[in-house]
Amino acid sequence: MKYGKFAHVVDRLKEPQDFRMKSSTTDILSLNDNEVSVELLKVGSIGDRVYDALLSRLISLRIAPGSRIAIDALVREFGVSQTPIRAALIRLESEGLVEKVHNIGFSAAPMPTRLHFENMFDMRLLLEPYMAENAAERSSADMMARLDVYSTAMTELTRSDAKLAYGKFALLDAKFHACIASHSGNELAAEALNRLYAHTHMFRLRYHSQVTEEAIHEHAKIVEALAAGNKAKAREAMVEHISASRARMAPFFQSLD
Ligand SMILES: [Zn+2]
């Protein structure tokens with residue numbers, strides 16, 4: 001086969017009428033060809049839009065925690081093939097919002113209990129100040145550039161009042177914290193933090209909230225200490241931020257019982 005796995009697509013494109021009919025990204029995506037669709041997702045925005053739509057439903061609890069997510073129904077509703085939907089669900093699974101059960105399929109991750117949130121903040125308070133201190137010692141241009149990108153993006157989101165803004169803020173916040181963790185020099189601690197999926201659980205709990213300006217100021221203090229390579233201040237700023245975040249979240253998770 002001259003074109004390997006793309007042979008049948010190349011054949012289709014040889015037919016002038018077919019080519020005209022399938023010239024838009026949307027139409028090509030509905031060809032139901034997995035490999036090609038995945039490639040196209042990289043340049044098209046179908047995958048992002050499917051992801052955003054599902055993210056928004058999971059945050060707003062329109063897809064209730066624990067409930068099944070039927071791919072066939074989403075295929076009909078969005079008018080796309082299974083591929084971008086599966087890709088979005090796999091991405092959401094990696095972000096802790098969706099679970100995949102063998103032979104059953106995808107479902108929305110259950111809402112954690114109050115105890116789970118308490119334990120999560122205890123873990124963060126044990127791990128993150130230590131990692132911030134280490135990161136201050138190893139402060140690099142790469143880390144500072146990344147933190148600047150995330151901080152800037154979060155600041156821009158505060159100007160938006162869309163419900164989705166809070167979800168996006170939480171994901172950026174997760175990246176901000178993961179970046180410091182990955183520069184701590186302790187991979188095990190960074191992995192432990194990552195596995196908490198703290199941010200994704202928090203934003204489902206507070207989906208109706210607006211992005212908070214306070215977190216932006218707290219992050220700025222952390223960045224300042226890291227840039228100065230000041231270990232003690234980095235630790236202190238991280239303790240302050242996580243404690244303040246816990247206080248902001250407490251009224252929400254304490255009502256879970
Ligand atoms: Zn934060």
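Which residues in α6 meet Gln 82, Ile 85 and Arg 86 in α7? The answer comes below, after a first look at the whole protein.

## A first look

Welcome to this structure, which is a predicted model. The protein contains 14 helices and three strands. Of its 257 residues, 30% count as buried.

Taking the contacts with a separation of 6 or more, 72% come from residues 24 or more positions apart.

## Where α6 meets α7

Now back to the opening question. On the α6 side, the residues are Ile 71, Leu 74, Val 75 and Phe 78, and they meet Gln 82, Ile 85 and Arg 86 in α7. By type, the residues of this contact divide into five nonpolar, one polar and one charged.

How do the two helices lie relative to each other? Helix α6 covers residues 71–78 and helix α7 covers residues 82–94; their axes come within 9 Å and cross at roughly 120°. That angle is why α6 counts as oblique to α7. The crossing of α6 and α7 is right-handed.

## The three-stranded sheet

The three strands make an open sheet in the order β1-β3-β2, and the pairing is antiparallel. At the edges are β1 (68–69) and β2, each of which pairs on one side only. As background, strands of a sheet pair through backbone hydrogen bonds, either parallel or antiparallel.

Let's take the two pairings in turn. Strands β1 and β3 run antiparallel and are joined by two bridges. Here Arg 68 stands opposite Ser 107 in β3, while Ile 69 stands opposite Phe 106 in β3. Strand β2 (residues 98–101) and strand β3 (residues 105–108) also pair in the antiparallel sense, over four bridges. In this second pairing, Glu 99 stands opposite Ser 107 in β3, and Val 101 has Gly 105 as its bridge partner in β3.

## The hairpin and the helix across the sheet

What do β2 and β3 form with three residues between them? They form a hairpin, and in its turn Asn 103 has a positive phi of about 70°.

## A covered helix

Is helix α12 mostly covered or mostly open? Helix α12 (residues 198–205) is mostly covered, with eight of its eight residues buried. The buried residues in α12 are Ala 198, His 199, Thr 200, His 201, Met 202, Phe 203, Arg 204 and Leu 205.

## A residue in α14

Our last stop is Arg 246, which is found in helix α14 (residues 231–253). Why does Arg 246 count as partly exposed? The reason is that Arg 246 has 17 C-beta neighbours inside 10 Å, whereas a residue needs 20 or more to be buried and 12 or fewer to be exposed.

Arg 246 and Phe 117 are 129 residues apart in sequence, and from C-alpha to C-alpha they are 9.1 Å apart in space.

Methods. Residues numbered from 1 in each chain as written. Predicted model: local features only at pLDDT ≥ 70, side-chain atom pairs only at ≥ 80, totals over all residues. Axes fitted to C-alpha atoms, helices over the stretch in contact; angles between N-to-C directions. Parallel < 35°, antiparallel > 145°, perpendicular 65-115°, else oblique. Left-handed = near helix turned anticlockwise from the far one by under 90°. Contact = placed C-beta atoms within 7 Å. Nonpolar A, V, L, I, M, F, W, Y, C, P; charged D, E, K, R; others polar. Pairing = 2+ DSSP bridges.
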